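Here is a short briefing for anyone meeting this structure for the first time. Take a look at the sequence and the 3D view, then read on.

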Amino acid sequence: MESKHIIGLLVHNHPGVLLRVTSLITRRGFNIDSLTVSPAGIEGYSRMTIRINDDSQVEQFINQMMKIVDVKKAEVLPETASVASELMLVKVRTDHASRNDIIDVTSAYHASLVNIGENSLTFRASGTPSQLDILVRELSVYGILELARTGIAALETGDKCLADE
Amino acid sequence: MLLNGSEIIAECLLEQGVDTVFGYPGGAVLNIYDALYKYSDRITHILSAHEQGAAHAADGYARTTGKCGVVIATSGPGATNLVTGIATAFMDSIPLVAITGNVTNDLLARDSFQEVDICGITLPVTKHNFIVKDVKDLANVIRKAFKIAMSGRKGPVLIDIPKDVTGAKFEYEPVKPETVENELLSQEADFIMAADIIKRAKKPMIYMGGGVVSADAEKELLAFAEKIDCPVATSVMGLGGFPSSHRLFMGTIGMHGGYETGKATDNCDLIITAGARFSDRVAGDREKFGKDAAIIQLDIDKAEINKNVRIDCCILGDLKDTLKKLSDNLEEMKHPEWVAQVEEWGKNSEVTETPESDCYAHPYHIIEEVRKLTNDEDIIVTDVGQHQMWVSQKYRFEKPRTWCTSGGLGTMGYGLGAAVGSAVAHPERRVVLFTGDGSFHMNLNELATVRSYNLPIVVVVMNNTVLGMVRQWQKLFYGRRFSQTDPHRKTDFAAVAEAFGIKGMVIHNDDEVSEVLAKAFEGTEPVVIDCKISPDENVLPMIPPGKTVDEMITEME
């Protein structure tokens, strides 16, 4: 699973650029499981972070993305030299018996309790996608009522930046 | 100077060297047409019968001149009618700028009369598209659109302009257009590597495509092929990019290519691909295509590398530069045995002409007779289907940009519009449209345009009364169940032509071919010739889809 590739895209912040990227993904049959868009910290640009599932598609993915006029840069973030992180909100079903167990589990993942309902607890957790996957699996024993994840944000470590020539 | 948006459009077209546009007026482009009225001494507008015809005309204009074609249409249906034309240009990498009007800014997104999201619709079939909501952006968008259309791998760009923008005033300053310089993306090492592979090859072949024509690299390719003494096969799109009469020319490659190109592909030890993309009609079996060969690919589009076929070495850049640079890295080579072997295969691949029946004219005969009446500069246009393949097999092209066909999208109904565009671009040349009765039925409305502008187009309708190519597949792969391929039409094409004010002629059988054609080519008036051919003619040889030359069909009952 960790062989999935994370790709950073630097795009012009023009209307419709998200559509251009997603339309291409659909049209060319690229298999992705996460796509996030955010400001890039550079005036006029946004950053997209996309995780692609199929090794064999990576080269075409980059080449095709670079043909979109509004895409300035598309690069694979090296697996061993990148940080990837995601935020999750999760609402777990609780009763008196399970409450403490759930709090134990979530605190092991540094998730913070953000809301207490009558029969539920809502946590905020962040971490690598796979850490969150494991937390979800552990919590599913108790019953997950709702779940929202932001998708992956990722940066290459060290001084190198996506915008570098 | 202070101009309105429409005048800015006209000025920007002039900046780009545009003197001819194709189009059709309508409500949302009234302002633009008002400006065209004012600029009519400097910009010629060719009015089509239907927006699709205008789009194909702009495409034919672009293919035969190397310039960017321009087409204008109104909002809503005007814009959607362009879509097939834009998609046709996109698949064949033909530079177009399509300008559509739209409803005013305050009516956008309200499902207003004749409103359509043409940017959304054309997103997958354009290199890029724009909607210009503010007149201050207009001039720069138009400049950018031309640059995008003409640079790198060429293609269509659409500009959608709300009506109020074409009426609004803004300060205009002329800007000299940027010259398109395609960056050489490959390093010296890539050329050395490619040259090393070529030096080692004993049995090389070149597989060229439309990119050679698009890059105007025919001279460079010829010099390269001669220097390394290497047989050349072409995709249908590449025809004209290498002289058919040359000793190294093998003909087209792929589904309806010759036996020798198929054999060469399977037996060569190196394929040098120039401006071609290994489409399914060329590399039917992607795994087995050139299975014993190394593959070098020269292209301007990096996304073509390893897209359909895995390659060993690529060179990215403008073919005009890369072919020359690669040549410079090589000494003269000779491959006499290999070239002789290919020639030998070529002898076997001469398709014997056995007319289906004496009652009909034979397609190859018609094409050969037309060739005798045309010179190397004359422009050949086709529609899509059997006639298109017969022409691609048989017509001897000697010069680039004398050939218009919808290679990638396979657009039936493309031909007449494209012929109009070609004839407008080259009033001094003859334009011959080969079409079929199926294709011609789709867009023969443009005969009205041919008459209005008195364009010297000879339309050769290969009339077999059936939808021949689909019927051929039904014959081969669907147990002769001829579902909906015999429309039982009684159309008299000569009479149709006469109704449009164009001379109509008929060829009933092989004996009449040369005489009728000679008459048709006498003057410079447009003429439509209804050529009766057998419904049972097939396009042979044929490599079935997904297969190789080993399974080539050379005979059908």
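**A first look**

In chain A, Gly8(A) sits opposite Thr49(A), a residue of strand S3(A). Strands here are DSSP runs of E with at least two residues, helices are runs of H or I with at least four residues, and both are numbered from the N terminus. This is a predicted model, in which local features need pLDDT of at least 70 and side-chain atom pairs count only at pLDDT 80 or more, while totals for chains, interfaces and linings use all residues. Residues are numbered from 1 along each chain as its sequence is written, and chains are lettered from A and ligands numbered from 1 in the order in which they are written.

**The sheet in chain A**

- Strand S1 (residues 5-12) and strand S3 (residues 45-52) of chain A run antiparallel and are joined by eight bridges; two strands count as paired if DSSP finds at least two bridges between them.
- Both belong to an open sheet of four strands in chain A, ordered S2-S3-S1-S4 with antiparallel pairing.
- Strands S2 (32-39) and S4 (71-77) of chain A are at the edges with a single partner strand each, so one side of each has no neighbour in the sheet.
- On average, neighbouring strands of this sheet are turned by 15° against each other, direction ignored.

**Helices on the sheet**

- Helix H1 (residues 17-27) of chain A packs on the sheet and touches S1, S2 and S3 of chain A, its direction making about 140° with that of S1(A).
- Helix H2 (residues 58-65) of chain A also packs on the sheet, touching S1, S3 and S4 of chain A, and its direction makes about 165° with that of S4(A).
- Axes are lines fitted to C-alpha atoms, for helices over the stretch in contact, and angles run from 0 to 180 degrees between N-to-C directions.

**Chain A as a whole**

- Chain A has four helices and nine strands, in the pattern β-α-β-β-α-β-β-α-β-β-α-β-β along the sequence.
- Its C-alpha atoms fill a box of roughly 55 × 35 × 30 Å, taken along the principal axes.

**Chain B and confidence**

- Eight residues of chain B are in contact (C-beta atoms, placed from the backbone, within 7 Å) with ten residues of chain A.
- The mean pLDDT (the predictor's confidence in each residue, from 0 to 100) of chain B is 96, and 98% of its residues reach 70 or more.
- The model scores ipTM 0.91 and pTM 0.96.

Definitions and conventions
Two residues are in contact if their C-beta atoms, placed from the backbone, lie within 7 Å.
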